Amino acid sequence: MMHLEQQILRTDVAGMPLEWISYRDAARLYFLDHVAYTVGQPLFTIHGGINAISRKQSKLQLHSIIATHGNSHAIQKMRDDYVPPLCNDTLFRRDDNICLYCGNEFPRASLSRDHVTPISQGGRDHWRNVVTACVRCNNHKAGRTPEQAQMELMAIPFKPTHAEYVFLQGRNVLADQMEFLRSHFPRTSPLYNRLCV
């Protein structure tokens, strides 16, 4: 049986991934008749009240992916200049919890955000200038560039697309949700290649 904490992927009618929602939010969208169609596996069956005339209990089956009507602003998120918000949780997931200097995987508490070109040297706090680093490597690098610190960067930082960002925000992403999201990733994306393995 699926746990009620399981997130449901919401898309627009065209299939553009929008966000993760709870089963309660999904049930509300069904009730308001905003669900256009469903994709993926059925996750939950919610039982409602009993009809006084028919004596039948209402049921609502929720799927792992639901497409909804309405203005989603998805067109703006598909533009090349769209920049998803930067936070450590999604950054660490982008880099698979691996320090991009020593190459080791760490728990979240042992990771930090490193600016490849330090802010003190004119670097900016954006996706293409930040990488995941363990606390030890970040302290060793300090306010220097990787070249100045004689540290090799294992991968080039990249800005995720909106679909990639939605994936990075997910918790316990199911196989059908992952397959759906991966179909929206650029084929040249490091995430696409990592998830295809």
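Before we select anything, a word on naming: helices (H or I, at least four residues) and strands (E, at least two) are DSSP runs, numbered from the N terminus. Residues are numbered from 1 along each chain as its sequence is written, and side-chain values use heavy atoms, with hydrogens and water left out. This is a predicted model, in which local features need pLDDT of at least 70 and side-chain atom pairs count only at pLDDT 80 or more, while totals for chains, interfaces and linings use all residues.

**Stop 1: the sheet**

Select β1 (residues 8-12) and β4 (residues 57-68) to begin with. They pair in the parallel sense over four bridges; two strands count as paired if DSSP finds at least two bridges between them. Look for Asp12, which stands opposite Thr68 in β4. β3 and β4 pair in the antiparallel sense over 10 bridges. The two form a hairpin with six residues between them, and in the turn you can pick out Arg55, with a positive phi of about 65°.

Now bring in β2. β1 and β2 pair in the antiparallel sense over four bridges. They make a hairpin too, with four residues between them, and Gly15 in that turn has a positive phi of about 95°.

With these strands on screen, in what order do they run across the sheet? The order is β2-β1-β4-β3, an open sheet of four strands with mixed pairing. β2 (17-21) and β3 stand at the edges with a single partner strand each, so one side of each has no neighbour in the sheet. Direction ignored, neighbouring strands here are turned by 40° against each other on average; the axes behind that angle are lines fitted to C-alpha atoms (for helices over the stretch in contact), and angles run from 0 to 180 degrees between N-to-C directions.

Is β2 mostly covered or mostly open? Mostly covered: four of its five residues are buried. Buried means under 20% relative accessible area, exposed means over 50%, and partly exposed is in between (1.4 Å probe, protein chains only).

**Stop 2: Arg10 and its partners**

Stay in the sheet and select Arg10. In β4 its bridge partner is Ile66, and in β2 the bridge partner of Arg10 is Glu19. The side chains of Arg10 and Glu19 also meet, in a salt bridge of 2.8 Å, N to O. A salt bridge here is a side-chain nitrogen of Lys or Arg within 4 Å of a carboxyl oxygen of Asp or Glu. Arg10 is buried at 17% relative accessible area, whereas Glu19 is partly exposed at 33%.

How many salt bridges turn up in a search of the whole structure? Five, and the next stop has another one.

**Stop 3: a tie to helix α3**

Select Arg108 and Asp89, whose side chains meet in a salt bridge at 2.5 Å, N to O. Arg108 is in the loop between α3 (88-94) and β5 (111-115) and Asp89 is in helix α3, so the pair ties together parts that are 19 residues apart in sequence. Arg108 is partly exposed, with a relative accessible area of 43%, and Asp89 is partly exposed at 44%.

**Stop 4: the second largest pocket**

Move to Arg94 and Asp95. They form a salt bridge with the closest N and O atoms 2.9 Å apart, and both are buried. Then click on Asp96, in the loop between α3 and β5. Asp96 is not a glycine, yet it has a positive phi of about 60°; its relative accessibility of 37% makes it partly exposed.

Arg94, Asp95 and Asp96 are among the residues that line the second largest pocket. On a 1 Å grid over the protein atoms alone, a pocket is an open set of points where a 1.4 Å probe fits, with protein on both sides within 12 Å along at least five of seven lines, and lining residues have an atom within 4 Å of a point. About 190 Å³ of space lies inside, a volume being the space filled by probe spheres set on the points, which are joined across faces, edges and corners.

The lining divides into eight nonpolar residues, no polar ones and four charged. For this count, Ala, Val, Leu, Ile, Met, Phe, Trp, Tyr, Cys and Pro are nonpolar, Asp, Glu, Lys and Arg are charged, and the others, Gly among them, are polar.
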